[in-house]
Amino acid sequence: MLFVFGVLVLIFGIALWFIIGAAAGRRAALTGATGAINIVRGIISGAAILVGIIAVLFSIIVIIEPGQVGVQVLFGSALPNVLREGFHIVNPFVKVERMSVRTQEYTMSVVSEEGQVRRDDSIDALTKDGLTVKLDVTVWYRLLPEEAVNVYRNIGLDYVSIIVRPAIRTALRDAASYFTAVDIYAGKREEFVRVCKSKMDESLEGKGVIIERVLLRNVALPDRVKQAIEEKLSAEQEAQRMEFVLQKERLEAERKRVEATGLADAQRIINATLTPQYLQYLYLTSLQKMAESQNTTFLIAPYDRNFLPLINVR
């Protein structure tokens, strides 16, 4: 251990100081020269003592990074006090195990590069209607700082693979048994996720780990169910298209009816007001406009002695 090493080096440095000092004293008694020996004594002993002090200090000082807690283990026993982030002075014989309390994610995906397990780790779940669906899921979870000692003591550092992963997989399979494949795929997707989270919370209660959120990334349906859904969607889209066409035709028919009504009303008004004098006025007015126009060629309809066009008016 670092503390033992530091103490030994410190003792060695102090002993070296006295040993070299004694040797220097004997030589001084014989020759009278002690300068060079004292310099060597100071350098070697001082370096050893400095290394020993640094090693001892490093053995009792612990810095916990943000997002972590430290579990103190003394002679194989976990101490009850959790070290929070920051600077701490601890027993030099304590071993500090650091554990993350940040939000972490666990992904189970059909794509081998996405999840913690480097293979197809999606979940095959049996639904209420007896079909098997493949679920891709990501779960956000975190360790409770105050429960870190209990988790370390009762489960260990590998608590994710021991309790988190099995709880996730079991909850997903249990929840799927309450829903049909189509409900999980679309109709009741959010409700399915809520049931999954509830079952995960139940499984992890009292274990020192909480589930923050369940993300259902993908639902792979059996081919025949997928085909049936696509056919249903296609039929619904076709029905909507036909409804649009019918609505358009109804509006067009209404437009024509209004137009015909307007023409009929106009004809009735014209028939009621059309007189020989009015026709003569319109005829003369038209001749005047044609005469004033730049076009010198125009056609004059036959008329009688009253300048009335020869039109049969009934």
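A salt bridge is taken here as a side-chain nitrogen of Lys or Arg within 4 Å of a carboxyl oxygen of Asp or Glu. I applied this to a predicted model.

**Entry 1**

I then looked up several of them individually.

**Entry 2. Lys 134 and Asp 124**

I noted a salt bridge between the side chains of Lys 134 and Asp 124, with an N to O distance of 3.2 Å. This pair links distant parts of the chain: Lys 134 belongs to strand S8 (residues 132–143) and Asp 124 to strand S7 (residues 123–126), ten residues apart. I also checked accessibility. Lys 134 has a relative accessible area of 28% and is therefore partly exposed. Asp 124, at 40%, is likewise recorded as partly exposed.

**Entry 3. Glu 243 and Arg 250**

I found Glu 243 in a salt bridge with Arg 250; their closest N and O atoms are 3.4 Å apart. The relative accessibility of Glu 243 is 44%, so I class this residue as partly exposed. For Arg 250 I read a relative accessible area of 44%, again partly exposed.

Which residues are linked with Glu 252 in a network of salt bridges? I identified Arg 255 and Glu 259 as its partners in that network. Within it, the side chains of Arg 255 and Glu 252 meet at 2.7 Å, N to O. Both residues lie in helix H7 (residues 223–273), and their spacing of three residues is about one turn of the helix. I recorded Arg 255 as partly exposed, because its relative accessibility is 41%. Glu 252 is partly exposed as well, with a value of 30%.

**Entry 4. The largest nonpolar core**

I turned next to nonpolar packing. In soluble globular proteins, nonpolar side chains tend to be buried together. The largest nonpolar core in this model has 44 residues. Those touching the most other members are Leu 135, Tyr 159, Ile 168, Leu 172, Phe 192 and Met 200. Helix H4 (residues 159–176) gives the most to this core, contributing ten residues.

**Entry 5. Surroundings of Phe 192**

What is Phe 192 in contact with, leaving aside its neighbours within four places in sequence? I listed Leu 135, Leu 172, Ala 175, Ala 176, Phe 179, Ile 184 and Leu 216. Of these, Leu 135 and Leu 172 are also named among the core residues that touch the most other members.

**Entry 6. The second core**

I noted a second, separate core of six residues, among them Val 62, Leu 83, Val 90 and Val 96.

Technical notes:
Residues numbered from 1 in each chain as written. Predicted model: local features only at pLDDT ≥ 70, side-chain atom pairs only at ≥ 80, totals over all residues. Heavy atoms only, no water. Helix = DSSP H or I, 4+ residues; strand = E, 2+ residues; numbered from the N terminus. Buried < 20%, exposed > 50% of the residue type's maximum accessible area, 1.4 Å probe, protein only. Core = buried A, V, L, I, M, F, W, Y, C linked by side-chain atoms within 4.5 Å. Contact = heavy atoms within 4.5 Å.
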